[in-house]
Amino acid sequence: MVAPAGRSPLSPQDALGLRTALAAARKSYAEGGVPIGAALVLPHPPGEPSGEPVVLGQGHNSRVQLASPILHGETTALLDAGRLKAEAYRQATMYTTLSPCAMCSGAILLYKIPRLVIGEHRNFVGEEELLRSRGVEVVVLDDPACVELMKRFIKEKPEEWYEDIGETVPV
């Protein structure tokens with residue numbers, strides 16, 4: 001994974017997180033769902049002072065596939081991570097292919113996840129300002145693959161997209 005033009009190369013942790021989230025988003029798209037993926041990543045294995053970054057949990061939006069009102073990318077990544085001690089969340093970074101909605105931002109705040117890396121926010125801007133105002137470091141990568149995948153989905157399935165964000169399809 002390469003950083004967008006004019007940016008420094010991604011760190012190994014950021015490359016892993018974005019790659020994992022994007023793979024999850026593509027899986028959702030292939031299943032006919034909303035292509036938003038997420039990953040919760042620690043900079044090193046739990047309980048160790050150093051080492052390679054580790055994915056605690058990953059997931060994708062499963063609202064369509066499982067007829068669920070709450071299974072967004074970030075919430076499924078948290079579900080996949082399972083029950084964690086508070087300190088694990090406080091050392092982790094949440095990666096998501098699209099700017100998080102109010103519900104997912106609430107989960108980030110609840111667990112005091114200090115850093116959020118967003119693949120893109122051209123197609124949807126969620127609660128980034130709320131997160132920043134509460135002390136979360138928010139990084140937007142403007143990743144072309146994330147932008148294109150979501151743009152394609154919105155064009156192909158506008159009804160499902162607007163349902164996912166709690167809106168009605170514009171006339």
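Predicted model: local features only at pLDDT ≥ 70, side-chain atom pairs only at ≥ 80, totals over all residues.
Strands of a sheet pair through backbone hydrogen bonds, in either a parallel or an antiparallel manner.

Strand β1, residues 37-42, illustrates this pairing with two partners. With β2, which spans residues 54-60, β1 runs antiparallel, and six bridges join the two strands. Leu42 stands opposite Val54 in β2, and Leu40 has Gly57 of β2 as its bridge partner. With β3, residues 93-96, β1 also pairs in the antiparallel sense, over four bridges. Here Ala38 has Thr96 of β3 as its bridge partner.

Are the residues of β1 buried or exposed? Six of the six residues in this strand are buried, and β1 is accordingly described as mostly covered. In a regular strand the side chains alternate between the two faces of the sheet. For β1, Gly37, Ala39 and Val41 belong to one side, whereas Ala38, Leu40 and Leu42 belong to the other. The residues on both sides are all buried, so that both faces of the strand are covered.

Ser99 counts as buried because its relative accessibility is 3%, and the cut-off for a buried residue is under 20%. The side chain of Ser99 reaches the backbone nitrogen of Gly126 at 2.7 Å. Leaving aside residues up to four places away in sequence, Ser99 touches Ile118, Glu120, His121, Phe124, Val125, Gly126, Glu127 and Glu128.

The structure contains eight salt bridges. One of these joins the side chains of Arg63 and Glu163, with a distance of 3.4 Å from N to O. Arg63 lies in helix α2, residues 63-66, and Glu163 in helix α8, residues 158-164; the pair therefore ties together parts that are 100 residues apart in sequence. The two residues may also be described by their accessibility. Arg63 is buried, with a relative accessible area of 12%, whereas Glu163 counts as partly exposed at 49% relative accessibility.

Arg63 also forms a salt bridge with Asp164, in which the closest N and O atoms are 3.3 Å apart. This pair, too, links distant parts of the chain: Arg63 in helix α2 and Asp164 in helix α8 are 101 residues apart. Asp164 is buried, with a relative accessible area of 8%.

Which parts of the chain does the salt bridge between Asp142 and Arg122 tie together? The side chains of these two residues meet at 2.8 Å, N to O. Asp142 lies in the loop between β5 and α7 (144-156), and Arg122 in the loop between β4 (115-118) and α6 (128-133), so the pair connects parts that are 20 residues apart in sequence. Asp142 is partly exposed, with a relative accessible area of 26%, while Arg122 counts as exposed at 58% relative accessibility. Elsewhere, Asp14, Arg115 and Glu137 are linked in a network of salt bridges.

Finally, a database record may be set beside the model. In an unreviewed entry, UniProt lists residues 12-138 as "domain: CMP/dCMP-type deaminase". Over these residues the chain of the model is 40% helix and 18% strand, and the end C-alpha atoms are 18 Å apart.

Definitions and conventions:
Residues numbered from 1 in each chain as written. Heavy atoms only, no water. Buried < 20%, exposed > 50% of the residue type's maximum accessible area, 1.4 Å probe, protein only. Pairing = 2+ DSSP bridges. Polar contact = N/O pair within 3.5 Å; in protein donor to acceptor, adjacent residues only side chain to side chain. Contact = heavy atoms within 4.5 Å. Salt bridge = Lys/Arg side-chain N within 4 Å of Asp/Glu carboxyl O. UniProt positions renumbered as here; feature names shortened; annotations may be inferred.
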